[in-house]
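Trainee: I have a structure to learn today. Could we go through it by question and answer?

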Amino acid sequence: MAISFQLDAADGAARAGTMATPHGVVRTPVFMPVGTQGTVKGLTPEMVRDAGSQIILGNTYHLALRPGDELVRDLGGLHRFMNWPGPILTDSGGFQVFSLATQVKVTDDGAKFRSHIDGSPLELTPERAVRIQENLGSDIAMVLDECPSLKDTTPAKVRAAVTRTVRWAARCKACHTRADQAQFAIVQGGLDIELRAECARELVAMDFPGYALGGFSVGESPESMHAALPACAALLPEGKPRYLMGVGRPQDLLAGVAAGVDMFDCVMPTRNGRNALAFTADGPIRLRNATHRRDPAPVESGCGCYCCANYSRAYLHHLFAADEMLGPTLLSLHNVAFYLRLMRGARDAIIGRRYAAFHAGCLARWNAAP
């Protein structure tokens with residue numbers, strides 16, 4: 001088996017685990033920085049590693065378009081291509097079915113895209129999604145799924161997406177050949193718990209090494225998502241990794257951990273870092289604000305990241321005012337380090353059987369932020 005997973009501790013529904021992969025061990029709960037196109041934006045792999053990252057993401061759709069999955073394969077696989085020695089998870093391209101909806105046509109066979117780069121066609125069937133990810137050589141490959149928007153949809157469309165997701169998962173499993181790569185299935189169903197339960201039952205019967213909850217943070221309110229997560233996580237096998245896809249405010253990660261989720265990813269740390277917003281234990285800080293022009297303090301007191309150890313808020317404010325590229329790099333690095341530290345704190349709290357107090361304390365500080 002390409003991966004193994006064991007539970008180390010539990011505190012209520014919250015779990016601390018150890019996942020072994022061909023490229024290293026991952027301690028959960030874990031946040032995975034997003035490296036969509038073979039890079040965590042603005043950061044070198046060494047920076048990401050030194051910040052404490054255990055595992056990162058790549059994306060099937062984007063890497064298939066550019067530079068091409070066969071080129072990556074011929075150059076030694078994604079690990080060597082991007083010089084990342086640790087574990088990698090690749091998304092299947094299913095999220096692009098949602099995010100690029102105006103450029104895609106979905107049928108039972110698969111998804112037909114028009115490239116967002118040059119308009120060229122790309123057909124992403126379950127079989128093609130598996131082949132691309134096998135060429136990339138990731139440790140964990142996601143099956144192709146259909147992720148429906150929860151804003152402008154109907155129950156019939158959500159059910160159709162679930163039916164298609166289950167059928168596509170079976171096709172992905174049937175054509176998967178790499179013994180050193182684990183496939184994770186994705187449970188869809190929106191906020192309909194009974195529909196999610198149907199989807200989970202069929203996917204769990206296929207016995208995948210891990211399972212994800214997809215279709216969250218796609219139009220529903222955070223409150224609705226938080227309310228649904230405990231029941232949805234409970235649908236997944238206890239002895240296998242549970243992954244909440246693309247959900248990423250710090251509050252959402254902690255709610256996911258409380259519900260029993262092990263793995264998370266989101267572009268928020270780097271996207272917000274590029275836009276001068278820092279995440280801290282005392283709430284967000286906007287470094288463009290004039291109040292930071294003469295502030296000698298680090299972005300976050302007590303943070304041991306490279307940014308906070310060496311630079312002041314005043315310097316970051318100057319970099320963003322001057323439109324210098326170092327500003328987004330330093331703040332992205334801090335934000336990634338903050339997310340990774342938050343998950344280490346959650347793990348320690350679970351092992352110490354004090355997760356509820358840890359969770360409540362974090363929320364209290366963030367809610368008290370100006």
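Trainee: Which residue is the bridge partner of Ala185 in β12?

Mentor: First, a caution: this is a predicted model, where local features need pLDDT of at least 70, side-chain atom pairs count only at pLDDT 80 or more, and totals for chains, interfaces and linings use all residues. Residues are numbered from 1 along each chain as its sequence is written, and side-chain values use heavy atoms, with hydrogens and water left out. Strands β11 (residues 182-187) and β12 (residues 210-213) pair in the parallel sense over four bridges. The partner of Ala185 in β12 is Tyr211.

Trainee: What counts as a strand, a helix and a pair?

Mentor: Helices (H or I, at least four residues) and strands (E, at least two) are DSSP runs, numbered from the N terminus. For strands to pair, DSSP must find at least two bridges between them.

Trainee: Which residue in β14 is the bridge partner of Phe31?

Mentor: β4 and β14 pair in the parallel sense over four bridges. For Phe31, the partner in β14 is Phe264.

Trainee: Are the residues of strand β14 (residues 263-266) that point either way buried or exposed?

Mentor: In a regular strand the side chains alternate between the two faces of the sheet. Here Met263 and Asp265 point one way, and Phe264 and Cys266 point the other way. Buried means under 20% relative accessible area, exposed over 50%, and partly exposed in between (1.4 Å probe, protein chains only). All of these β14 residues are buried.

Trainee: Which residue in β3 stands opposite Thr21?

Mentor: Three strands form an open sheet in the order β1-β2-β3, with antiparallel pairing. Strand β2 (residues 14-21) and β3 pair over five bridges. Thr21 stands opposite Gly24.

Trainee: What relative accessible area does Leu326 have?

Mentor: Leu326 lies in helix α14 (residues 326-351). Not counting residues up to four places away in sequence, Leu326 touches Tyr315 and Leu319. Leu326 is partly exposed, and its relative accessible area is 33%.

Trainee: How far apart are the axes of helices α10 and α15?

Mentor: Two packed helices are described by the angle between their axes and the distance between the axes. Helix α10 (residues 250-259) and helix α15 (residues 355-368) pack at about 165°. They are therefore roughly antiparallel, a term for angles over 145 degrees, with under 35 roughly parallel, 65 to 115 roughly perpendicular and the rest oblique. The axes are 11 Å apart.

Trainee: Which residues of α15 meet α10?

Mentor: On the α10 side, the residues are Pro250, Gln251, Leu254, Ala255, Val257 and Ala258. Their partners in α15 are Tyr355, Phe358, His359, Cys362, Leu363 and Trp366.

Note on methods: Axes fitted to C-alpha atoms, helices over the stretch in contact; angles between N-to-C directions. Contact = heavy atoms within 4.5 Å.
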